[in-house]
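Please look over the sequence and the model below before reading on.

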Amino acid sequence: MTTSEALSAAIADSLADPDARPLVLEDRQHLAYGMPGIALLHIERAAAGLAPWSRAHDWLFSAARQPVTSGPDSHPFYGAPALAHAVACAADHQPGSYERALTKLDEQMVRDVRRRLSAAHRRLDAGQLPQFAEFDVIRGLTGYGSYLLRRQPAGGALRDVLDYCVRLTRPITDRGERLPGWWAPTAPMGRLDDQFPEGHANHGMSHGVGGVLALLALAARHGTVVDGQHDAMRTILAWLSRWHGQAWPYWVTRAELRADSLAPSAPRRPSWCYGTAGVARAQQLAALALNEAPRQVEAETALVAALTDPAQLRATTDNGLCHGFAGLAHVASRAADDAHPSTAAQLRDAIPALLSTVCPPDTDPVDAAVANEAGPGFLDGAAGIALAVLAPATGTPPHTAWDSCLLIA
């Protein structure tokens, strides 16, 4: 057993009993911080034959024990959709155990998508700029699309989400200026801010156009294609190429757009949520969908550079899945599985150093588990770290689709 595998096991053992790890009430049904995300760890380990299914069942049962939020107050990472993702991962390996619950959750997801699409098209018809919660991975239609791609890949609801994503890539005019259709009127935190007086174009996988690109690409790779889908991918790719320097910026402001030049900034972490790791994976997926080998190699080369650049790695200050070293190792592993022969070895060669940062050699895994305890959750906490290091440490793909909610696979 490698050090990383031992770390994953130690974290899982520390999270074995949901009753022993009380969570903040509002976080209980959150995929990022709560029970559905922690359940993903135990589901993956059970599917890989590393732990008993009873742990996964206990966490899923605890997640569903109290009423789960659905409808307008829920989103892909909160409430019924978050629970649905975890249950779907378990059902892949325990189909008879969850069929009735999953059928109800699927129906709720489609109702939510229909309601959200109706509102989104009304906004588009009115020529207004979008909020992140309309389209992003965490709260919006791209996140719902990731679930539908797994559960109903040939269904009308997914095709309607893809149609919406195509429409989102068309230019929009705001105060006489032509902007990309995903231009948000707020700051990156989703609020008005004097530093972003005229909004911005967000590139991130979590809240920006990187997630939209990944969904369009993954759907195309699975054979689900709507009119304009390939052109939409090329529109996003052209925009990202326009702003690529040594790394992809997190966003572009209106002032930078007018100047056609980015303001100087210090190196930033190359994380899944923002930065080169997520954006490069999205572009790699799009290149594979479009059968554009030069673009694929370009994206993979950019990812290798980010994973080995001391300046960008110094800006990475934690080990979490969302924006830490464990997440970088997992994205690198996923990208290496699909990589061009000319870059696959470079991607795999970058992984050991990332894993050793998460759990240095000769470190006691239990001590490392305690050191990595930034909360028990999936996106920033221990469960996510334990999940993210498993596949890179073993060199095998995940046994469940736990990372499909991140749109990297």
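With which side chain does the side chain of His 323 make a polar contact? The partner is the side chain of Asp 318, at 3.4 Å. This is a predicted model, and the distance is computed from its atoms.

UniProt, in an unreviewed entry, places the feature "binding site" at Cys 273, Cys 322 and His 323. These residues span 51 residues in sequence, yet no two of their C-alpha atoms are more than 6.2 Å apart, so they gather at one spot. Cys 273, Cys 322 and His 323 are also part of the lining of the largest pocket.

The surroundings of two of these residues can be set out in turn. His 323 sits in the loop between α14 and α15. With a relative accessibility of 18%, His 323 counts as buried, because the cut-off for buried is under 20%. Leaving out residues up to four places away in sequence, His 323 touches Arg 269, Ser 271, Cys 273, Thr 316, Asp 318 and Asp 380. Cys 322 lies in the loop between α14 (310–314) and α15 (325–338), and at 7% relative accessibility Cys 322 is buried. Beyond its neighbours within four places in sequence, Cys 322 is in contact with Ser 271, Trp 272, Cys 273, Leu 379 and Asp 380.

The largest pocket has a volume of about 610 Å³. Its lining is made up of 22 residues, and the closest to the centre are Tyr 33, Met 189, Ser 206, His 207 and Tyr 274. By class, the lining of the largest pocket divides into 13 nonpolar, six polar and three charged residues.

The second largest pocket has a volume of about 470 Å³. It is lined by 23 residues, and Ala 247, Pro 249, Ser 265, Ala 266 and Pro 267 lie nearest its centre. The elements that contribute two or more residues to this lining are β4 (251–253) and α14. In the lining of the second largest pocket, 12 residues are nonpolar, seven are polar and four are charged.

Strand β4 also contains Thr 253. Is Thr 253 buried or exposed? Thr 253 has a relative accessible area of 16% and is buried. Apart from residues up to four places away in sequence, Thr 253 touches Trp 183, Phe 196, Gly 199 and His 200.

A search of the whole structure finds one cavity of 30 Å³ or more, and the largest cavity has a volume of about 80 Å³. Its lining includes Pro 76, Phe 77, Met 109, Val 137, Ser 404 and Cys 405. The elements that give two or more residues to this lining are α4 (80–91) and α7 (141–151). The largest share, four residues, comes from α7. Seven nonpolar, four polar and one charged residues make up the lining of the largest cavity.

A few single residues remain. Gly 381 lies in the loop between α17 (365–371) and α18 (382–388), and with a relative accessible area of 1% Gly 381 is buried. Gly 381 and Ile 38 are 343 residues apart in sequence, while their C-alpha atoms are 9.4 Å apart in space. Not counting residues up to four places away in sequence, Gly 381 touches Ala 374, Gly 375 and Pro 376.

The last two residues are picked out by their backbone angles. Most residues other than glycine have a negative phi. Asn 291 has a positive phi of about 60° although it is not a glycine. Asn 291 is found in the loop between α12 (276–290) and α13 (293–308), and at 70% relative accessibility Asn 291 counts as exposed. Leu 407, also a residue other than glycine, has a positive phi near 60°. Leu 407 belongs to the segment after α19 (390–394), and at 1% relative accessibility Leu 407 counts as buried.

Key
Residues numbered from 1 in each chain as written. Heavy atoms only, no water. 1 Å grid on protein atoms, 1.4 Å probe; cavity = no way out; pocket = protein on both sides within 12 Å on 5 of 7 lines; lining within 4 Å. Points joined across faces, edges and corners; volume = space filled by probe spheres on them. Nonpolar A, V, L, I, M, F, W, Y, C, P; charged D, E, K, R; others polar. UniProt positions renumbered as here; feature names shortened; annotations may be inferred. Buried < 20%, exposed > 50% of the residue type's maximum accessible area, 1.4 Å probe, protein only. Contact = heavy atoms within 4.5 Å. Polar contact = N/O pair within 3.5 Å; in protein donor to acceptor, adjacent residues only side chain to side chain.
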